[in-house]
Amino acid sequence: MRIAVLCGGNGSFAAAGDFALAGHQVRMWRRDRDAVADHCAAGSTIQLKDFRGQHTASLEQVTGEIGAAVAGAELVLCPTPAFAQADIAERLAPHLAEGQVVFVPPGTFGSVLLGRTVWQSGNHARLAFAETSTLPWLARKHGPHEVQISARGKHLPTGVFPLALADHALEVIGRAFPGAIEPCGDAL
Amino acid sequence: MNAGPIIHPPLIVMNAGPLEHFEKWDIHNEGTQPAIRRVTDALDRERVAIREALGYAAPHFPLADHYAATGPEWMYGRGSHEKLTKSGDWCERIVLGQHRYMLEDTRMGLSFLASVARLAGVSTPLVDAFLAIGSAITGQDFAKTGRTLASLGLGGLDRVGLQALLREGFR
């Protein structure tokens, strides 16, 4: 499926690399225009190291336009620290469309923050926001386009806002994290 | 359910001396000592008490499972604590006033937990203590700069109102 990965930290690189290697079409949005230009010039790939060795993951696109990254994505992944969520929510709000699922690992109740920001911006599409309790990767970047993954989340308790859309959200997220998502009710 | 606000605040606050003194200090390895583990377990019990008071059922994913060699697997599966410390990636420079463990997990994670605890009528002395110490270390008042139900515009809701919003969304 098409997945948008937001930002360019440890979690975003681990996510984009893993999803691309699993066969998903991954678009990565980064705020830093210079980093986008460097990453595109380097072929929009991620060198991913884990216990099996080193792999090259090819991304469909690395872009500074959040709308381009999100357009047509079934899943939008926002693996950032909680203090970055408010700014991302503002930028994301006009671009989300009916049926999309936004997943925030870890959450810190960011799913409700995002949902509220999007609603207040006047975008009233039916959207699901989900969060889990930790970043699904123990990972650190070892270079500008290189990440080492020490462990992956195997049990990810996941809450959905609003809970009424949980079935849809968990089905989409489950395709990105096969066997790891454990439904745990509402966002709290 | 968030794990970061339970594991990280005791690790950075109780290791504040070595973190500032030594060039490198691995909070997950040499910084994870029995006294600190007793505190993370007690802090985790406050989190679980809030969950239970609000009517959320097990599994609560107790942090103790992360360190245990037997019993239920925690979020990253068996042996992940060993993989993490062995990688050497976490033996890193942590500047207390700037790091995510302080500004995300302590400031935002624990302030949120404290506000939900008030709604649930649960007392959380360790949550409050780490918020106070974190505020003193950074020179900012986490009660004001953190994340609370009120700062999210939900301060006027009681428990039933909040849980209805969480079910149905904004309308």
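Where does His60(B) lie in chain B? Select His60(B) and you will find this residue in the loop between helix 3 and helix 4 (64–67) of chain B, where helices (H or I, at least four residues) and strands (E, at least two) are DSSP runs, numbered from the N terminus. This is a predicted model, in which local features need pLDDT of at least 70 and side-chain atom pairs count only at pLDDT 80 or more, while totals for chains, interfaces and linings use all residues. Residues are numbered from 1 along each chain as its sequence is written, and chains are lettered from A and ligands numbered from 1 in the order in which they are written.

Leaving aside residues up to four places away in sequence, His60(B) touches Val48(B) and Arg51(B), contact being defined as C-beta atoms, placed from the backbone, within 7 Å.

Next, select helix 3 (residues 34–53) and helix 6 (residues 100–120) of chain B, whose axes come within 9 Å and cross at roughly 45°; axes are lines fitted to C-alpha atoms, for helices over the stretch in contact, and angles run from 0 to 180 degrees between N-to-C directions. The two helices of chain B, helix 3 and helix 6, are therefore oblique to each other (under 35 degrees is roughly parallel, over 145 roughly antiparallel, 65 to 115 roughly perpendicular and the rest oblique). On the helix 3 side, show Arg47(B), Ile50(B) and Ala53(B), which meet Leu113(B), Val116(B), Ala117(B) and Ala120(B) of helix 6.

Now move to chain A, where an open sheet of four strands runs in the order 4-3-10-9 with mixed pairing; two strands pair if DSSP finds at least two bridges between them. At its edges are strand 4 (53–58) and strand 9 (137–143) of chain A, each pairing on one side only. Within the sheet, strand 3 (residues 45–50) and strand 10 (residues 146–152) of chain A pair in the parallel sense over three bridges, and Lys49(A) has Gln148(A) in strand 10 as its bridge partner.

Conventions:
Two residues are in contact if their C-beta atoms, placed from the backbone, lie within 7 Å.
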